[in-house]
Amino acid sequence: MPTQLDISNLSKNFGGLRALGGIDLAVDTGELVGLIGPNGSGKTTLLNIIGGYYDASGGSITLDGHRIDGMAPSRLARLGIGRSFQVTKVFKRLTVLENMLVGALADWGLSRRAAEAKARAVLETLTLTRLADQPASSLSGGQAKLLEFGRIMMLDPRIVLLDEPFGGVHPELKRFMYDTIRTWNAAGATIILISHDMGSIFGLCRRVVTLSSGSIIADGDPEAVRNDPAVLEAYLGDHHAA
Ligand SMILES: Nc1ncnc2c1ncn2[C@@H]1O[C@H](COP(=O)(O)OP(=O)(O)O)[C@@H](O)[C@H]1O
Ligand SMILES: [Mg+2]
């Protein structure tokens, strides 16, 4: 199968700080890739560049052979790339339903009627129907995370980028998130999952990529990565720094 997402020599500088130093990463359609690494190793930066939130300083990203680096998040969403944020982002003053519709109406041109029908169906599966017409500010932290997942579901995503979705999440919600991730993946979506929760990474992912100081230091199946001295070393260094 041809590479779906091909990241080549990708770099990112913030002023004098080199956050990513020439990343090469090829991901095939339907892979569920865990992305781990100590704090500050560049995980969020990498996802932000794939998702169009930051421009790269160098290198390229192709989706099915076509350049996508530099495209706006809305355009990438139309191509089926969805993401969640390390700090949940919802529009607090819009209703829950309106939050679901923002991207659908503005970015990928569904009719209002079709988008609303789909949004209500998704809210039903998230057990948020009761709150559909409430402002998103009324949601608990866990419900806001669900809303973020709901917005990804609106896309029928081909690629899902998840930045620490399990942080501070109730076990029951975590289970629901696991199921949702597996459902997306079973439907053919490619997933890149950042998590500090090694149980989740090793439970969900058949491939684990480790970043350290902006470079990939390990890339393989969970067992290999778990036993990789370079990975241990990176985490021990992080521990002593902290
Ligand atoms: N917007 C930004 N401006 C300046 N520096 C940033 C910015 N975003 C990230 N960084 C820096 O880039 C490095 C990588 O950060 P990040 O990608 O958030 O790491 P991780 O998600 O692995 O914890 C860190 O040194 C961080 O301070
Ligand atoms: Mg991060």
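Q: Which ring does the charged end of R226 sit over?

A: Happy to start there. In this predicted model, the charged end of R226 sits over the ring of F202, at 4.3 Å from its centre. A second case involves R83, which lies over the face of F85 at 4.2 Å from the ring centre.

Q: How many aromatic pairs does the structure hold, and how is such a pair described?

A: The general idea is that two numbers describe a pair of aromatic rings: the distance of the centres and the angle of the planes. Here the structure holds 4 aromatic pairs. One of them joins Y53 and F85 edge-to-face, with 5.3 Å centre to centre and 85 degrees between the planes.

Q: Why does the pair of Y53 and F85 tie together parts that are apart in sequence?

A: Look at the loops. Y53 is in the one between α1 and β4, while F85 is in the one between β6 and α3, so the pair links parts 32 residues apart in sequence. As for accessibility, Y53 is partly exposed at 39%, and F85 is buried at 12%.

Q: What about F166 and Y178?

A: They also form an edge-to-face pair, 5.4 Å centre to centre with 65 degrees between the planes. F166 belongs to the loop between β7 and α6, and Y178 to helix α6 itself, so this pair ties together parts 12 residues apart in sequence. Both F166 and Y178 are buried.

Key:
Residues are numbered from 1 along each chain as its sequence is written. Chains are lettered from A and ligands numbered from 1 in the order in which they are written. This is a predicted model: local features need pLDDT of at least 70, side-chain atom pairs count only at pLDDT 80 or more; totals for chains, interfaces and linings use all residues. Side-chain values use heavy atoms; hydrogens and water are left out. Rings of Phe, Tyr and Trp (its six-membered ring) pair if their centres lie within 6.5 Å; planes under 30 degrees apart count as stacked, over 60 as edge-to-face and the rest as tilted. Helices (H or I, at least four residues) and strands (E, at least two) are DSSP runs, numbered from the N terminus. Buried means under 20% relative accessible area, exposed over 50%, partly exposed in between (1.4 Å probe, protein chains only). A charge sits over a ring if NZ of Lys or CZ of Arg is within 6 Å of the ring centre and within 35 degrees of the ring normal.
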